[in-house]
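Dear colleague,

I would be glad if you could read them with the model open.

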Amino acid sequence: MTTWRNLDEELAAWQEAGRQPVLWWRDDDAARASDGLSLLLELRAASDLPLSLAVVPGLVEDSLEKALGDRQGLSLLQHGYRHENHATPGMKKIELGGTRSTEEILAALEAGKSIGKAVFGRGWLPVLVPPWNRIEDRIVPHLTALGFQGLSIHGRRRDAFMGLTVVNSHLDILQWKPTVHFLGEAALLTQLTTALRTRRLEDTPGSEEPCGILTHHQAHDPESWRFLKSLFSHLKQHEVVSWKGAIPLFCETKRGDEP
C-alpha cells in the first residue's frame, strides 16, 4: 500500500536527479454558485495554488461570475457547451460526438465560446475540456479554426494534434460507479506516486507530461475535501514540485508544440 512516505521518497528522487515534476489542478462542471464552489474557492485560496476551472458555458448563471469575484488564481476553460449526452445506443456518454453532425457540434462550441467571452472577457481561455473527457476524432481537426489553442481530456497523452497543446488530467479523486464517492487516500497516493515515477524513469528530462489532478466540486463528499487539503498541504512542503496554471501550460506554449 502506497503511503505519504512513498510519495516523499519519489519526490526526493526527482530532487536528487535535479529534475522538477510539474503538477496542475483542473476542476470540472462549474456553472453556478453553490456550497461546493465556495469550498473549492476556499481551498484554492488556502493552498495558494493555481486552479483551472472548466465552465459549462450553456448553463452559466449570473451567480457564477459573482461567486468567482476577482478570479485570483483562477483560469477559466470551456467545458463543452451544455454538458448534454448525445451518445448513440450502447455508447459511453459524449457531447462532442454521437448522434449530432460535425456542423452541429462545431456550432455549439462556437456559441459556447461566445457566451464565455461575453460573460468573462479576456479571462475566458481558448482551451476546450470535453464533457466526460470524450471527443470524437472527427471534431478535433476543426478546433484550431474555432480559435482553440488547447485541449484537455483524461489519461496519459497519446496523441499530438497539430496546432493544439494537449495537457490532460490524470488523477480523478472520485469513483463514479456504481455511485459517486471518494476514491480513497491509498489508491490516489498510489496513482500519483506511480505517475511521477513513470515520468521520471521513462520520459526525457524536460519533456515530462504535466500531471493533472482532477476534481469535481459539485460531487465531493467531506472525505474528498479532507484529502485535497492534506494533499496540497503535503505537496507544498516539497519545493521540487512546480505548480502551473492554464495560461503557462496552454497559452504560452508555441502552438503545435508538445507541452
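The expected span of a helix is taken as 1.5 Å times one less than its number of residues, and helices (H or I, at least four residues) and strands (E, at least two) are DSSP runs, numbered from the N terminus. This is a predicted model, in which local features need pLDDT of at least 70 and side-chain atom pairs count only at pLDDT 80 or more, whereas totals for chains, interfaces and linings use all residues. Residues are numbered from 1 along each chain as its sequence is written, and side-chain values use heavy atoms, with hydrogens and water left out.

Helix H5 (residues 185-202) has 18 residues and reaches 25 Å from its first C-alpha to its last, close to the 26 Å expected. Leu188, Leu189, Leu192, Thr193, Ala195, Leu196, Arg199 and Arg200 are buried in H5. Seen down the axis, these buried residues fall within an arc of 155° (taken from the directions from the helix axis to the C-beta atoms), so they line one face of H5. The face turned away from that buried side carries the exposed residues Leu201 and Glu202. Among the elements against which the buried residues of H5 pack are helix H1 (4-16), strand E1 (22-30) and helix H6 (222-236).

Lys113, in helix H4 (residues 102-120), is buried, with a relative accessible area of 13%. Leaving aside neighbours within four places in sequence, Lys113 is in contact (heavy atoms within 4.5 Å) with Gln78, Trp124, Leu146 and Gly147.

Turning to the pocket, I used a 1 Å grid over the protein atoms alone, where a pocket is an open set of points with protein on both sides within 12 Å along at least five of seven lines, and lining residues have an atom within 4 Å of a point. The largest pocket holds about 730 Å³ of space. Of its 26 lining residues, Trp132, Asn133, Arg134, Asp172 and Trp176 lie nearest its centre. E1 gives the largest share of the lining, 3 residues.

With best wishes

Conventions: Buried means under 20% relative accessible area, exposed over 50%, partly exposed in between (1.4 Å probe, protein chains only). On a 1 Å grid over the protein atoms alone, a cavity is a set of points where a 1.4 Å probe fits but cannot get out, and a pocket is an open set with protein on both sides within 12 Å along at least five of seven lines; lining residues have an atom within 4 Å of a point. Grid points are joined across faces, edges and corners, and a volume is the space filled by probe spheres set on the points.
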